[in-house]
Amino acid sequence: GFDASTGRSCNTSEICPGPSMALASAAVATPAPSWRATNRVVERVGMTFSVATRSRPRAAARRSVAAAASSSEVPAEYVALAADLVDAAARITVKHFRTPLEIDDKNDASPVTIADKGAEAAMRALVHERFPTHAIFGEEEGIELGEGGLQEWTWVFDPIDGTKSFITGKPLWGTLVALLHNGEPVLGVLDQPVLKERWVGVKGQPSTLNGEVISTCRCVSLGDAYLYSTTPYMFEGDNLMPYKEVAKHVKVPMFGCDCYAYGLLAAGHCDLVIEADLKPYDYMALVPIIKGAGGVFTDWKGRELRWEGSQEALAAGEFQGG
């Protein structure tokens with residue numbers, strides 16, 4: 001193993017003291033704020049790793065959703081709705097992709113388009129129609145509790161994760177849909193409708209890519225690991241040094257995939273994803289996918305990722321990933 005904060009080696013039965021990031025490995029999950037490499041590698045709130053697999057044609061994606069639901073603790077009708085939500089979003093996003101778009105800047109200076117807004121509106125309408133007691137948290141319109149103020153089940157979605165990729169014509173953005181049960185992400189879908197790739201994760205079931213089971217890869221040394229992050233500019237202040245300590249010891253640090261990097265991780269094509277400054281809609285859908293592929297996905301302190309939303313929590317910034 002390797003401790004990024006001290007530069008010393010650790011044996012495979014030891015937890016290395018490390019920076020304020022979590023260890024992620026397909027073989028071992030360590031809840032302490034530390035790094036360790038054993039017979040598989042390492043990950044973070046975005047750090048995890050994977051194992052490659054062949055994928056079936058996209059038509060198998062809906063069959064995989066049904067199969068996952070049949071023996072899952074998540075009701076089958078909720079899993080089916082998740083597929084319908086990303087389908088509804090795709091009908092809007094794809095027709096706008098690589099077309100002239102008016103781009104607005106939100107309060108945080110991030111871009112938003114008619115495709116983002118239209119796709120989220122379509123997804124919200126579907127949830128309202130089928131499960132009006134379910135809460136919704138979307139990137140564009142915020143939190144909306146279910147009828148009677150209920151939020152036992154909360155849908156969290158990002159219609160276009162990677163809007164900058166979307167508006168510059170790069171097909172590495174994705175639609176993210178998560179379902180939380182009392183704050184725990186139990187269902188997640190990552191859909192890339194241009195490339196026709198869909199990852200599905202359901203608690204208690206193996207994750208799939210276009211209907212075929214996937215798993216994270218074996219990487220026995222941090223020095224052999226391929227690392228992804230969306231951009232180096234997301235690391236600043238207290239986040240910068242821990243990131244740099246890890247990045248300088250991996251085989252290749254890379255940038256620019258947004259949520260797609262997590263799909264690559266779950267399917268075994270890269271070993272780590274490290275990110276900062278995330279909101280629940282950026283990562284909740286990815287948690288069941290990574291876990292169901294054999295990886296670990298935590299915040300930078302090694303804690304499980306969960307969020308029970310409210311307007312007050314949003315206003316106070318009370319969620320992991322920031």
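How many bridges join strand β13 to strand β14, and do the two run parallel or antiparallel? Keep that in mind as you start the tour; the model you have open is a predicted one.

**First stop: the strand pair.** Select residues 226-229, which form β13, and then residues 252-255, which form β14. Four bridges join them, and the strands run parallel. Now follow the chain from β13 to β14: the path goes through helix α5, residues 240-247, and this β-α-β crossover is right-handed. For a closer look at the pairing, pick Tyr228, which stands opposite Met254 in β14.

**Second stop: Leu272.** Move along to strand β15, residues 272-273, where you will find Leu272. Its relative accessible area is 0%, so Leu272 counts as buried.

Next, select Glu275 in the loop between β15 and α7 (280-283). Is Glu275 buried or exposed? With a relative accessibility of 3%, Glu275 is buried. Show its side chain together with two others. The side chain of Thr230 makes a polar contact with that of Glu275 at 2.4 Å, and the side chain of Tyr262 makes another with Glu275, at 2.6 Å.

**Last stop: confidence.** Colour the chain by pLDDT. The mean is 78, and 72% of the residues reach 70 or more. Over residues 1-61, however, the pLDDT is below 50, although this stretch has 244 contacts in the model beyond near neighbours in sequence. Where pLDDT is low, the predicted coordinates should not be read in detail.

How values were computed:
Residues numbered from 1 in each chain as written. Predicted model: local features only at pLDDT ≥ 70, side-chain atom pairs only at ≥ 80, totals over all residues. Heavy atoms only, no water. pLDDT = per-residue confidence, 0-100. Contact = heavy atoms within 4.5 Å. Buried < 20%, exposed > 50% of the residue type's maximum accessible area, 1.4 Å probe, protein only. Polar contact = N/O pair within 3.5 Å; in protein donor to acceptor, adjacent residues only side chain to side chain. Pairing = 2+ DSSP bridges. Right-handed = clockwise from strand over helix to strand, strands pointing away.
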